[in-house]
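Have a look at the fold first, then read on.

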Amino acid sequence: MFKYRGTAVGIDLGTANLLMYIKGKGITVREPSIITIDVNKKEIVATGQKAKDMIGRTHSGLQTIRPIRDGVIADYESTTLMIQHYLKQAVSKGIFATKPTLVISVPSNITSVEKRAVIDAAIQGGARDAHIVEESFAAAIGASLPVWEPTGSMIVDIGGGTTEVAVISLGGIVISTSCKVAGDEMDRLIIQHIRKEYQLLIGEPTAEKIKINLFNEELSNRKSIRGRDLVTGLPRTIEITDEEIWNVLIEPIEIINQTIRHTLENTPPELAADIMERGLILTGGVAQLRGLDTVISNATNLPVIVSDDPLDCVVKGTAKVLENVKILK
Ligand SMILES: Nc1ncnc2c1ncn2[C@@H]1O[C@H](COP(=O)(O)OP(=O)(O)OP(=O)(O)O)[C@@H](O)[C@H]1O
């Protein structure tokens, strides 16, 4: 059994975004999970949004790194540096003085070695000790689902690197499935499509922007996209419609639908009946993709509800875990 001594911090260590919740303070960090390092000095020169703005714009002395890929640590040293940076920042702001206890969310299907790496990175990064909680469970708590009741709740968390699907009842995960198709894969497919059809090279931030702005009623349905012509090597602008981009996203969305259907097929009938009545809850950044809820609803025959603040559900869940230590035990 462990007890919190001093400060307790919840972290959603996501592929795309890192969120930090400090007990008594709320969400204090909400930044892209990206750092820029000085290659020679091995020091951080930028983190979060500042580092994201540098993607594709650095010289040889600087490197932008995404330490988390597909929900797991891809670069141990950078993950440690990133955690260390945000903990030091909290210390310098006077938010806490002693080493904190961290609760960190991780995808459900990662190996024990990958889980250990997260705990080690947190301790190396300055934590007193660290505990992990499954992302889908944290998302369900954060979305205020009745996880402790004898009723089935289905959560579908679509982030940057992974889609996590879980059925929860009586305080535990009954079944969970995950796939490595989420927002990043959508961006990759958009880049690939524009390269193949228009011989135009665009970067990850441009592809992400196209996805986020899809079917935005305040913007035109035809979008201008700037990139580098693969043939001439010169900058070029093309126009592309939202429908064309949507067609690119149909394939990854179908993989997400298959993952949900697979989970439903393996769900005990009583819980499946509960889910049929109450629907499934979408969380994670991609839950905001316009039209996605309708497509998932048609593919699963279930009501689909996009949670309020889908980007914050996981970290809000870790926050509730901090307040209720028994969840971790
Ligand atoms: N309005 C939007 N429409 C579509 N996609 C969006 C929108 N806003 C953010 N996203 C996408 O959501 C993803 C990030 O979501 P989130 O922060 O939940 O992921 P994460 O927790 O970092 O990743 P993971 O859970 O896979 O580790 C990115 O791919 C981002 O482009």
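For "binding site", an unreviewed UniProt entry lists T15, A16, N17, G160, G161, T162, E208, K209, I210 and K211. UniProt positions follow the numbering used here, feature names are shortened, and annotations may be inferred rather than shown by experiment. Residues are numbered from 1 along each chain as its sequence is written. Keep in mind that this is a predicted model: local features need pLDDT of at least 70, side-chain atom pairs count only at pLDDT 80 or more, and totals for chains, interfaces and linings use all residues.

**Around the ligand**

Which residues come nearest to the ligand? Out of 23 around it, they are G14, A16, G159, G183 and G285; being near here means that the C-beta atom, placed from the backbone, lies within 6 Å of the molecule. By type, the shell splits into six nonpolar, 12 polar and five charged residues.

Helix 5 (183-198) and helix 6 (204-212) each put at least two residues into the shell, and helix 6 gives the most, with three. Helices (H or I, at least four residues) and strands (E, at least two) are DSSP runs, numbered from the N terminus.

T15 sits in the loop between strand 1 (8-13) and strand 2 (17-22), while T162 is in the loop between strand 11 (153-158) and strand 12 (163-169). I68 belongs to strand 7 (residues 68-69). A residue is buried if 20 or more other C-beta atoms lie within 10 Å of its own, exposed if 12 or fewer, and partly exposed in between, with C-beta atoms placed from the backbone.

| Residue | Other C-beta atoms within 10 Å | State |
|---|---|---|
| T162 | 28 C-beta atoms | buried |
| I68 | 24 C-beta atoms | buried |

Contacts here are C-beta pairs, placed from the backbone, within 7 Å. Leaving out residues up to four places away in sequence, T15 touches S33, I68, R69, D70, G71, G159, G160, G161 and D184. The contacts of I68 include L13, G14, T15 and S33. I68 and S33 are 35 residues apart in sequence, yet 7.3 Å apart in space, C-alpha to C-alpha.

Strand 15 (residues 222-229) pairs antiparallel with strand 14 (residues 200-201) over two bridges, and L201 stands opposite R228. Pairing requires at least two DSSP bridges between the strands. Strand 15 also runs antiparallel to strand 16 (residues 235-241), joined by seven bridges, with R222 opposite T241. Strands 15 and 16 form a hairpin with five residues between them, and G233 in the turn has a positive phi of about 80 degrees.

**Inside the protein**

In soluble globular proteins, nonpolar side chains tend to be buried together. The largest nonpolar core has 88 residues, of which M20, I104, A140 and I155 touch the most other members. Helix 7 (residues 242-265) brings the largest share of this core, seven residues. Such a core is a set of buried Ala, Val, Leu, Ile, Met, Phe, Trp, Tyr and Cys residues joined through C-beta atoms within 7 Å.

Why is helix 10 (residues 313-323) largely enclosed by the rest of the structure? Because nine of its 11 residues are buried, including C313, K316 and L322.

How values were computed. Ala, Val, Leu, Ile, Met, Phe, Trp, Tyr, Cys and Pro count as nonpolar, Asp, Glu, Lys and Arg as charged, and the others, Gly among them, as polar. Two residues are in contact if their C-beta atoms, placed from the backbone, lie within 7 Å.
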